[in-house]
Amino acid sequence: MVIDLVTQRMTLTPELIRLLADRRIGVGFDQLLIVEPPSRPDIDFKYRIFNADGSEVSQCGNGARCFASFVQARKLSFKQRLRVETSSGVIVLSTDRYGWVQVDMGKPKFEPDQIPFTPKTITKVGRAYRLDVDGTPVQLYVANIGNPHAIIKVDDVLAADVDRLGKLIESHVAFPERVNVNFVQVINQRHVRIRVYERGVGETQACGTGACASVATGIREGWLDEGVDIRAQLYGGSLAIRWQDGYSLIMTGPTAFVYEGVFSPDGLAASAGIKLDPNADDVY
């Protein structure tokens, strides 16, 4: 869900975000994207992202593509190339004549303090870590592409215990800011299948930063080819991810509009039998 707060204003609270995310009484979404005016002259827009549980996150790769399509559809900008400010830095969004959006995601980070990840008592295996998850040893890699990710290589992504392991690893004490958990099956040197358990959401149909983190890890570990388009296949569709060590990671993919509409925050709260607290900590 995307809200234009360039031409209009409203107050959002975590409680209201949770109501909007509810697929029975609200709009229903994994993440809420906010378009705001830029804070400095070399930036086109400010971009904020909230999970379905009301928590704010630093980046959303799939959301970034939707952001670019929304801005053009709403005629907030006619530029084919946008510089957008997020809490984790500036990203560049480019739209081609077919409507596909390319996102310069920046350079991936792998050091524990950059995730953040605190493996003080955790066994290191090469560049991987062996984590005790409720008595089960799990070997994983870590990466940050604007969001923290744990990457687990599996033989069959459809058989992976995504719900149980994802939930346990997401809130593991070794990840102080929680983590998105990616289960990755390598089909060949240019094709991976991925399932992602996202922090604050659960398993989602797709995750752009998760696809980027998985592909970057695969290239770094030699599972995938470097400097070419890698097909990252998720339930919601496929992305093309390209990375060469030392350079920015480039993600390309399509977007799709579902519908647009208007809502009343007070009306939504009333229909749910909830009174919004005017003294609550506001997002805006």
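Glutamine 31 is in contact (heavy atoms within 4.5 Å) with Met1, Ile49, Phe50, Asn51, Val57, Cys60 and Glu198, leaving aside its neighbours within four places in sequence. The model is predicted: local features need pLDDT of at least 70, side-chain atom pairs count only at pLDDT 80 or more, and totals for chains, interfaces and linings use all residues. Residues are numbered from 1 along each chain as its sequence is written, and side-chain values use heavy atoms, without hydrogens and water.

**Annotated residues**
- An unreviewed UniProt entry places "binding site" at Gln31, Asn51, Gly61, Asn62, Asn147, Asn180, Glu198, Arg199, Gly208 and Thr209; such annotations may be inferred rather than shown by experiment.
- From this set, Asn147 and Arg199 belong to the lining of the second largest pocket.

- Glutamine 31 lies in strand S2 (residues 31-36), strands being DSSP runs of E, at least two residues, numbered from the N terminus.
- Glutamine 31 is buried because its relative accessible area is 12%, under the 20% limit (1.4 Å probe, protein chains only).
- Glutamate 198, in strand S13 (residues 191-198), is also buried, at 6% relative accessibility.
- Beyond neighbours within four places in sequence, glutamate 198 is in contact with Gln31, Glu170, Asn180, Thr204, Ala206 and Cys207.

**Second largest pocket**
- A pocket is an open set of points on a 1 Å grid over the protein atoms alone, where a 1.4 Å probe fits, with protein on both sides within 12 Å along at least five of seven lines; lining residues have an atom within 4 Å of a point.
- Its lining has 25 residues, with Ser88, Lys109, Asn144, Ile145 and Gly146 nearest the centre of the second largest pocket.
- Strand S6 (residues 89-95) gives the largest share of this lining, four residues.

Key:
Buried < 20%, exposed > 50% of the residue type's maximum accessible area, 1.4 Å probe, protein only.
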